[in-house]
Amino acid sequence: PWFKGWKVERKEANAEGKTLIEALDAILPPSRPTEKPLRLPLQDVYKIGGIGTVPVGRVETGVLKPGTVVVFAPANITTEVKSVEMHHEALAEAVPGDNVGFNVKNVSVKELRRGYVAGDSKASPPRGAADFTAQVIVLNHPGQISNGYTPVLDCHTAHIACKFAEIKEKVDRRSGKTTETDPKFIKSGDAAIVNLVPSKPLC
């Protein structure tokens with residue numbers, strides 16, 4: 001037959017096969033970024049009777065364990081994690097990709113909100129950004145975008161208006177090479193490096 005199957009050569013172990021199932025079985029699972037600092041953007045915060053305040057979110061990097069003293073940025077609220085649960089089962093630790101709820105001491109539901117980021121208060125804790133530089137691609141916009149334009153950005157679970165403080169340069173969408181410095185405006189189809197200033201603390 002014309003189909004000779006497929007082969008993959010890699011340093012871990014070579015793989016070959018003929019079927020889609022074999023191809024799926026040959027995929028190496030990606031390593032989870034457990035060694036990076038803890039970052040857990042909050043998706044929601046619940047008050048559960050008999051337990052207390054339970055923030056919920058997905059671990060992006062690092063590891064969350066009961067007993068960790070976490071800080072919620074950008075509000076800078078520090079507290080201890082009493083327990084960590086996933087699908088109603090207590091966990092000894094939560095790793096990147098896990099959607100977890102965790103019980104925190106002495107913090108009311110009103111103090112926490114969606115968009116805050118939990119991190120380890122002792123190991124490079126998260127902090128709010130006064131400004132940041134981003135590569136922006138304008139897919140579809142009716143007019144021209146110039147300095148001062150203030151769209152709402154969704155960053156992880158945060159939802160905050162950010163002002164285009166300075167459009168630094170236009171770049172080629174594919175190569176990333178600079179095509180124009182200090183452009184007056186950008187429009188649909190353009191990519192640019194822009195300095196953005198959040199209207200309230202963004203983590």
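How far apart do the end C-alpha atoms of residues 132-203 lie, and how much of the span is helix and how much strand? In this predicted model, those end C-alpha atoms lie 10 Å apart, and the span is 0% helix and 50% strand.

**View 1. Two annotated regions and two assigned domains in the predicted model.** The UniProt record, an unreviewed entry, places the feature "domain: GTP-eEF1A C-terminal" at residues 132-203, and its annotation "domain: Translation elongation factor EFTu-like" covers residues 52-117. For residues 52-117, the end C-alpha atoms lie 19 Å apart, and this span is 0% helix and 47% strand. The domain assignment of the protein, given separately from these annotations, sets domain 1 at 39-120 and domain 2 at 132-198, and the C-alpha centres of domain 1 and domain 2 are 33 Å apart.

**View 2. The largest pocket and the strands that line it.** This pocket has a volume of about 290 Å³, and 15 residues form its lining, with Ile48, Val54, Glu85, His88 and Gly101 lying nearest its centre. Strands β3 (40-48), β4 (52-58), β6 (77-86) and β8 (99-104) each supply at least two residues of the lining, and the largest share, five residues, comes from β8. Sorted by class, the lining of the largest pocket is made up of eight nonpolar, six polar and one charged residues.

**View 3. The second largest pocket, lying between the two domains.** About 220 Å³ of space lies in the second largest pocket. Of the 14 residues that line the second largest pocket, Arg113, Tyr116, Ile160, Lys200 and Pro201 are the closest to its centre. Because domain 1 (39-120) and domain 2 (132-198) both give residues to this lining, the second largest pocket lies between them. By class, its lining holds eight nonpolar, three polar and three charged residues.

**View 4. The loop between β5 and β6, with Pro74 and Asn76.** Pro74 has its place in the loop between β5 (69-73) and β6, and the peptide bond that joins Ala73 and Pro74 is cis, with omega at about 0°. Asn76 is also found in the loop between β5 and β6, where, although Asn76 is not a glycine, its phi is positive, at about 65°. Is Asn76 buried or exposed? Asn76 counts as exposed, because its relative accessibility is 61% and the cut-off for exposed is over 50%.

**View 5. His88 in the loop between β6 and β7.** His88, one of the residues that lie nearest the centre of the largest pocket, is found in the loop between β6 and β7 (89-90). Its phi is near 65°, a positive value in a residue other than glycine. With a relative accessible area of 77%, His88 is exposed.

**View 6. The hairpin of β11 and β12.** Strand β11 (residues 152-155) and strand β12 (residues 158-171) run antiparallel and are joined by four bridges. Within this pair, Val152 stands opposite Ala161, which belongs to β12. Two residues lie between the strands of the hairpin, and His156 takes a positive phi near 55°.

Definitions and conventions:
Residues are numbered from 1 along each chain as its sequence is written. This is a predicted model: local features need pLDDT of at least 70, side-chain atom pairs count only at pLDDT 80 or more; totals for chains, interfaces and linings use all residues. Side-chain values use heavy atoms; hydrogens and water are left out. Two strands pair if DSSP finds at least two bridges between them. UniProt positions are given in the numbering used here, feature names are shortened, and annotations may be inferred rather than shown by experiment. Domain bounds come from an automatic or database domain assignment. On a 1 Å grid over the protein atoms alone, a cavity is a set of points where a 1.4 Å probe fits but cannot get out, and a pocket is an open set with protein on both sides within 12 Å along at least five of seven lines; lining residues have an atom within 4 Å of a point. Grid points are joined across faces, edges and corners, and a volume is the space filled by probe spheres set on the points. Ala, Val, Leu, Ile, Met, Phe, Trp, Tyr, Cys and Pro count as nonpolar, Asp, Glu, Lys and Arg as charged, and the others, Gly among them, as polar. Buried means under 20% relative accessible area, exposed over 50%, partly exposed in between (1.4 Å probe, protein chains only).
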